[in-house]
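Here's a structure to walk through with a viewer open.

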Amino acid sequence: MIMKKNIETLHPCLGGQLNNARIHLPVSPVCNIKCKYCKRAIDNYSDRPGVSGGIIGVDEVEDIMTRALEICPQITVAGISGPADPLATNHAIDAFEIIDKNFPDIVKCLSTNGLCLYNRIEDIVRVNVDAITVTVNAVDPEIEARINKGICIKGKWIYSLDAAKILINRQLMGIKAAAQAGIFVKINTVLIPGINDKHIGKVAKKVASLGAKVFNVIGLIPQADMSGIREPGCDAIDKARQEASSYMKVFSHCARCRADAVGMIGKDDLRYEIYGDMNIDYENFSHG
């Protein structure tokens, strides 16, 4: 796959202009890993990743994109980041296929935990995904096992150190395969004081060697099993960014967006205009 768009100019989360807007399409209801810091939710008030006002159907994507571009013609990116993992089901791939056919100039961006990335790379290339963000919190299984409780593969849950080893291996294989396919790869790392805060440089060095282009440090939001860990301060985040910058470009204006965010980062919020009252599908909003 050859990158046909100037991704870094068009995508506000990859170094592009902040007057470009994005739309997140919340089509993905199922997650396949159990991060200890994650608290996914269906609501209209939490301002963080893993949250949306509901789940939209793939059959709604074309109409939603058409309406969004009419209301906000500055949209250059259609992203799918959740509210669960986009590669745990087929919803995201099917949605990108619709966007690729009907809105070919829009940058297609996928955010994933990376567990299924390597195995889905052919599908990702087929629908011309332009950019992928992979959340990699550690490249040391001992550290990863403190962050993630387990992974689900073909309906079977694997836990502890075994899960950490498999997840890291699959993440790294997927990053390399995506980069080799010409897809722009960005890395998100959640900075967790006392767990991976001294490990950021090693993560950045490894992913850079596999072809990742941009690194983003996200401060922990204390919640779920990590509600008792303090949120890292500005000094800790700056230090982590400095360590990562020795190996790759660092992105520094992450807004920790919802999975249904629409508009320009930090300037407007058009999700109510675009989505209205979404289908709240609690039954299928799950792990597994």
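**Cores, cavities and a threonine**

Leaving out residues up to four places away in sequence, Leu25 touches Ile56, Val61, Ile64, Met65, Ala78, Gly79, Ile80, Gly82, Ile99, Ala259 and Tyr275 (contact means heavy atoms within 4.5 Å). Before going on, some ground rules: this is a predicted model, where local features need pLDDT of at least 70 and side-chain atom pairs count only at pLDDT 80 or more, while totals for chains, interfaces and linings use all residues. Residues are numbered from 1 along each chain as its sequence is written, and side-chain values use heavy atoms, with hydrogens and water left out.

Leu25 is also, with Ile23 and Phe215, one of the residues with the most contacts inside the largest nonpolar core, which has 58 residues. Such a core is a set of buried (under 20% relative accessible area, 1.4 Å probe, protein chains only) Ala, Val, Leu, Ile, Met, Phe, Trp, Tyr and Cys residues joined through side-chain atoms within 4.5 Å. Apart from this core lies another, of 19 residues, including Ile33, Ala84, Ile153 and Leu220.

A search of the whole structure turns up two cavities of 30 Å³ or more. A cavity here is a set of points on a 1 Å grid over the protein atoms alone where a 1.4 Å probe fits but cannot get out; a pocket is an open set with protein on both sides within 12 Å along at least five of seven lines, and lining residues have an atom within 4 Å of a point. Volume is the space filled by probe spheres set on the points, with grid points joined across faces, edges and corners.

The largest cavity comes to about 960 Å³. It has 50 lining residues, and Pro49, Gly50, Ser81, Thr135 and Asn188 are the closest to its centre. By type, the lining splits into 24 nonpolar, 17 polar and nine charged (Asp, Glu, Lys and Arg are charged; Ala, Val, Leu, Ile, Met, Phe, Trp, Tyr, Cys and Pro nonpolar; the others, Gly among them, polar).

The second largest pocket has a volume of about 160 Å³. Its lining divides into four nonpolar, no polar and five charged residues, with Asp197, Lys198 and Arg230 among them.

Last stop: Thr89. Is Thr89 buried or exposed? Thr89 is buried, because its relative accessible area is 14%. Leaving aside neighbours within four places in sequence, Thr89 is in contact with Pro29, Val30 and Arg120.

Definitions and conventions:
Buried means under 20% relative accessible area, exposed over 50%, partly exposed in between (1.4 Å probe, protein chains only).
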